[in-house]
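Welcome! Take a moment to look over the chain and its fold, and then we will walk through some of its features together.

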Amino acid sequence: MRSQIYWILKCDVNAGMQAGLNAVATKFCERTAGEEGVVAYEWSLSEDGKRLHVYERYSNSDAALTHLGNVGPMLDELFALVTPREIVCYGNASEAFRNAMKDFPMCYMKTFDGFHK
C-alpha cells in the first residue's frame, strides 16, 4: 500500500459552467476507467454547485503518470469550466510525478504513520 499515490483536485466552478461539467466528467471517467493501476476516481460537486473536487488514487506513481498522459489532451476542456485552486497529494510521489505536476498548484503531504485495511 505504501506505493499508492492519491490526490484531491480542488476547483472553483466558473460562473455559468455547471451544466458542462457532467459531460466533461463522463469523458474523463470513461477514459480513466480502462487504465491499469487506477484504484479510485470520483468527481464531487458541492451542494451549491460552486466547488468541484476530484479524488484520484493510483497503485503507484507510474500509474498516475500514465493517467496524466491519457487525460492530458482533455485538460483544457476541463479548465475552461473550472479554476484549479489546489491539488493535495498524498503518498510518496516519485520525482518524475513531481516534475510532471510542476505547473499545477500542488501541495505534497508525506505519509509518516497510519495503515490501510
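Does A40 count as buried or exposed? At 18% relative accessibility, A40 counts as buried, since buried means under 20% relative accessible area, exposed over 50%, and partly exposed in between (1.4 Å probe, protein chains only). You will find A40 in strand β2, and its C-alpha atom is separated by 15 Å from that of V71, 31 residues apart along the chain.

Before going further, please note that this is a predicted model, in which local features need pLDDT of at least 70 and side-chain atom pairs count only at pLDDT 80 or more, while totals for chains, interfaces and linings use all residues. Residues are numbered from 1 along each chain as its sequence is written, and side-chain values use heavy atoms, with hydrogens and water left out.

**Confidence**

The score called pLDDT is the predictor's confidence in each residue, from 0 to 100. For this protein the mean pLDDT is 94, and 99% of the residues reach 70 or more. Confidence is highest in strand β3 (residues 51–58), at 98, and lowest in α1, at a mean of 94. Where pLDDT is low, the predicted coordinates should not be read in detail.

**The sheet and a helix**

Helices (H or I, at least four residues) and strands (E, at least two) are DSSP runs, numbered from the N terminus. Two strands pair if DSSP finds at least two bridges between them. Here, five strands form an open sheet in the order β2-β3-β1-β4-β5, with mixed pairing. At the edges stand β2 (38–45) and β5 (106–109), each with a single partner strand, so one side of each is left without a neighbour in the sheet. Strand β4 (residues 82–91) pairs with β5 in the parallel sense over four bridges. Follow I87 across to β5 and you reach its bridge partner, M106.

Helix α1 (residues 18–33) is the place of A19. A19 is exposed, with a relative accessible area of 71%. The C-alpha atoms of A19 and L81 are separated by 9.3 Å, although these residues are 62 residues apart along the chain.

**Aromatic rings**

How many aromatic pairs does the structure hold? It holds six. Rings of Phe, Tyr and Trp (its six-membered ring) pair if their centres lie within 6.5 Å; planes under 30 degrees apart count as stacked, over 60 as edge-to-face and the rest as tilted. The rings of Y41 and W43 have centres 6.4 Å apart and planes at 70°, so this pair is edge-to-face. Both Y41 and W43 are buried. Elsewhere, W7, Y58 and F97 form one aromatic cluster.

Some rings also have a charge over them, which requires NZ of Lys or CZ of Arg within 6 Å of the ring centre and within 35 degrees of the ring normal. Here are two examples:

| Charged residue | Ring below it | Distance from ring centre |
|---|---|---|
| R57 | Y6 | 3.9 Å |
| R98 | Y108 | 4.0 Å |

**Cysteines**

A disulfide is a pair of cysteine sulfur atoms within 2.5 Å, and the structure holds zero disulfides. C11 is buried, with a relative accessible area of 2%, whereas C29 counts as partly exposed at 30% relative accessibility.
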